[in-house]
Amino acid sequence: MKADCTASAAATVVIIDDDEAVREALEGLLDSVGLRVESFASVQQYVDGRPSIDVGCMVLDVRLPGRSGMDFQAELAKSGNSLPVIFISGHADVPMSVRAMKLGAFEFLTKPVHHQELLDSIQAAIARHRARRDQERTLVLHRARFDTLTAREREITLMVVSGLRNKQIAGDLGLSEATVKLHRGQAMRKMEARSVVDLVRIVDTLVPQAEGS
């Protein structure tokens, strides 16, 4: 039953369930495949001791004392929290599961949860979260590099990625082609772009941020 957890190294699974026996069983299961676990009996307990999580997912019971799992998921979505949520419930029905999925739940499983099904869902949720976090880090890096460009380098960069040639850019800006080439080369070096195609790909991740700079 041991799942491949290579892709989940350093990942954290948050468990929120008011049933201590369920929490202990899930903790043991996840620990057996090398996953770090943070376990809580209620949403408020999680909020009070909110752990710092870089990559992971949340296994959340639907019915909890205080704030329900469904209400908490809605709060997470509104706050922009990208941690994937896997619901587990012993009282699930179709409308409940549909509502959860519409609110952005990653998966909805019914108790008693099959271990392999849960592990597979957790691995997939972590993979998605890791990809999103990597994308966010890349965006921050591209943004920081773009911010090092001079006003002229930004202007020429945006014209290059729009498809204009050096001669056209030079004519539009009243510059020599040599000057355009110089600014373009400096911009590509600062952005660490190996080619114009690479530059377009990088700047595309910043639009409309780049255009508003």
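How far apart are the mean positions of the positive and negative charges of the protein chain? In this predicted model, the mean positions of the 27 positive and 29 negative charges lie 10 Å apart. Lys and Arg were counted as positive and Asp and Glu as negative, with His and the chain ends not counted; each charge was placed at NZ of Lys, CZ of Arg, CG of Asp or CD of Glu.

Residues are numbered from 1 along each chain as its sequence is written, and side-chain values use heavy atoms, with hydrogens and water left out. The model being predicted, local features need pLDDT of at least 70 and side-chain atom pairs count only at pLDDT 80 or more, while totals for chains, interfaces and linings use all residues.

The protein chain contains nine helices and five strands, where helices (H or I, at least four residues) and strands (E, at least two) are DSSP runs numbered from the N terminus. Their order along the sequence is β-α-β-α-β-α-β-α-β-α-α-α-α-α. The radius of gyration of the protein chain is 24 Å, well over the 17 Å that the globule rule gives for 213 residues, so the chain is more spread out than a compact globule. This radius is taken over C-alpha atoms, and the globule rule is 2.2 Å times the number of residues to the power 0.38. Along the principal axes, the C-alpha atoms fill a box of roughly 75 × 30 × 30 Å.

The accessible surface of the protein chain amounts to about 11,300 Å², and carbon and sulfur atoms hold 51% of this area; areas come from the Shrake-Rupley method with a 1.4 Å probe, and for residues only the protein chains shown count as cover. Of the 213 residues, 40% are buried (buried, under 20% relative accessible area; exposed, over 50%; partly exposed, in between; 1.4 Å probe, protein chains only). Among contacts (heavy atoms within 4.5 Å) with a separation of 6 or more, 63% join residues 24 or more positions apart.

The largest nonpolar core has 21 residues, of which Val-13, Leu-35, Val-59, Ile-86, Leu-118, Ile-122 and Ile-126 touch the most other members. A nonpolar core is a set of buried Ala, Val, Leu, Ile, Met, Phe, Trp, Tyr and Cys residues joined through side-chain atoms within 4.5 Å. At least two residues of this core come from each of β1 (12-16), α1 (20-32), β3 (56-61), β4 (85-89) and α5, with α5 giving the largest share, five residues. Ile-122 touches Val-13, Leu-30, Leu-35, Cys-57, Val-59 and Ile-86, not counting residues up to four places away in sequence. A second, separate core of 19 residues includes Val-14, Met-70, Val-85 and Ala-105.

Gln-73, in helix α3 (residues 69-79), has a relative accessible area of 3%. Beyond residues up to four places away in sequence, Gln-73 touches Val-85, Phe-87, Ala-100, Leu-103, Gly-104 and Ala-105. Ser-89, in strand β4, is buried at 1% relative accessibility. Neighbours within four places aside, Ser-89 is in contact with Asp-61, Val-62, Met-96, Phe-108, Leu-109, Thr-110 and Lys-111.

Backbone geometry was noted in two loops. The peptide bond from Lys-111 to Pro-112 is cis, with omega near -5°; Pro-112 sits in the loop between β5 (107-110) and α5 (115-147). Glu-192, a residue other than glycine, has a positive phi near 55°. Glu-192 belongs to the loop between α8 (177-191) and α9 (196-204) and is exposed, at 51% relative accessibility.
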